[in-house]
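Please read them alongside the sequence and the model.

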Amino acid sequence: MSTQTMTAWQVRRPGPIATRPLQRAELPVPQPGPGELLVAVRACGVCRTDLHVAEGDLAVHKPDVVPGHEVVAEVVAVGDGAGTEFAVGDRVGIAWLRHTCGECIYCRRGAENLCPQSRYTGWDADGGYAEFATVPAAFALPLPPGYSDTELAPLLCAGIIGYRALLRADLPPGGRLGIYGFGGSAHLTAQVALALGAEVHVMTRGEHARELALSLGAASAQGPADPPPVPLDSAILFAPVGELVLPALEALDRGGTLAIAGIHLSDIPTLNYQRHLFQERQVRSVTANTRADARAFLKFAAEHRISVTHPVYPLDRADEALADLAAGRFSGAAVLTV
């Protein structure tokens with residue numbers, strides 16, 4: 001390969017986004033190890049988890065890590081032992097989950113997202129805020145046709161984790177789903193729920209986000225702590241705001257389930273058992289995803305056209321995209337293009 005170096009962004013000193021923790025760098029192009037693919041990045045989603053890594057909400061796993069785990073790319077080299085599913089020229093996806101041991105009790109029972117040895121793209125290993133990246137072939141994902149690179153990128157975390165959160169929320173057929181926060185993941189999950197016949201109610205800050213929710217088919221949209229117009233069978237909390245757990249639980253009907261979708265959440269205030277949990281209401285966390293989740297969601301996306309709101313930034317403005325995410329300056333899921 002003629003290119004020896006590449007443009008990338010690294011988290012140099014985690015801290016508030018105003019301190020510019022993300023710094024541009026020229027790095028060597030990585031080489032694929034055994035079982036890995038080398039890919040040329042075409043698009044990479046800008047996820048709130050990237051912001052948590054940059055700001056230090058998630059403790060550093062790899063110093064100077066290149067963030068980004070919603071990567072749409074083209075295979076340019078195949079390492080030894082990488083198998084035959086992917087070949088040079090294929091379009092592939094790289095998601096958050098990058099490695100599991102395959103041998104622990106969690107992996108053996110199909111819960112590889114709970115593997116104690118799990119590792120993650122853009123946290124434990126360099127990700128997609130760069131011109132090139134590597135991925136273990138066993139964790140690369142085939143992508144559905146009919147979507148552009150920039151439309152596909154948010155599906156690879158925002159879509160996948162939202163899909164798992166919807167499963168964890170245990171929504172009954174034709175049920176009423178509440179969504180708290182309406183950013184990149186929520187606006188995709190709402191469409192999945194609607195396609196499955198749910199009635200969706202959105203609680204979120206920002207007029208533009210509420211307008212987007214209604215335009216996608218939500219039955220109502222109101223402020224983040226406002227009560228929905230009907231009792232909810234299920235709810236998903238996407239906003240990383242622990243204070244919203246209480247109004248979300250209060251909004252649940254008897255037997256309802258609240259799923260908390262984020263990897264980071266601020267502290268939850270004291271719960272009142274009678275008001276928040278009695279009558280068999282329950283709270284469930286969501287931890288990463290399995291490869292089975294990813295493939296099931298991408299199959300769903302192939303069968304049901306999902307509209308992706310995705311403001312686009314060039315790679316050389318990655319720091320600006322992350323700052324705009326922190327400030328809530330856009331709706332949907334921003335994407336970097338290379």
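1. R48, D50, L51 and A54 of helix 1 meet L322, L325 and A326 of helix 9, contact meaning heavy atoms within 4.5 Å. By class, this contact of helix 1 with helix 9 has 5 nonpolar, no polar and 2 charged residues.

2. On provenance, this is a predicted model, in which local features need pLDDT of at least 70 and side-chain atom pairs count only at pLDDT 80 or more, whereas totals for chains, interfaces and linings use all residues. Residues are numbered from 1 along each chain as its sequence is written, and side-chain values use heavy atoms, with hydrogens and water left out. Helices (H or I, at least four residues) and strands (E, at least two) are DSSP runs, numbered from the N terminus.

3. Helix 3 (residues 149-168) and helix 4 (residues 184-195) pack at an angle of about 55°, their axes being 8 Å apart, which makes helix 3 oblique to helix 4. The contact draws on P154, L155, A158, G159, I161, G162, Y163 and L166 from helix 3, and on G184, S185, L188, T189, V192 and A193 from helix 4. Its classes are 9 nonpolar, 5 polar and no charged residues.

4. An open sheet of 6 strands, with parallel pairing, has the order 12-11-10-13-14-15; two strands pair if DSSP finds at least two bridges between them. Strand 12 (220-222) and strand 15 (282-285) are the edge strands, each pairing on one side only, and the twist averages 20° from one strand to the next. Within the sheet, 5 bridges join strand 10 (residues 176-180) to strand 11 (residues 199-203), and I179 stands opposite V202 in strand 11.

5. Where does T121 lie, and is T121 buried or exposed? T121 lies in the loop between strand 7 (119-120) and strand 8 (132-136), and T121 is buried, with a relative accessible area of 1% (buried means under 20%, exposed over 50%, partly exposed in between, with a 1.4 Å probe and protein chains only).

How values were computed: Axes fitted to C-alpha atoms, helices over the stretch in contact; angles between N-to-C directions. Parallel < 35°, antiparallel > 145°, perpendicular 65-115°, else oblique. Nonpolar A, V, L, I, M, F, W, Y, C, P; charged D, E, K, R; others polar.
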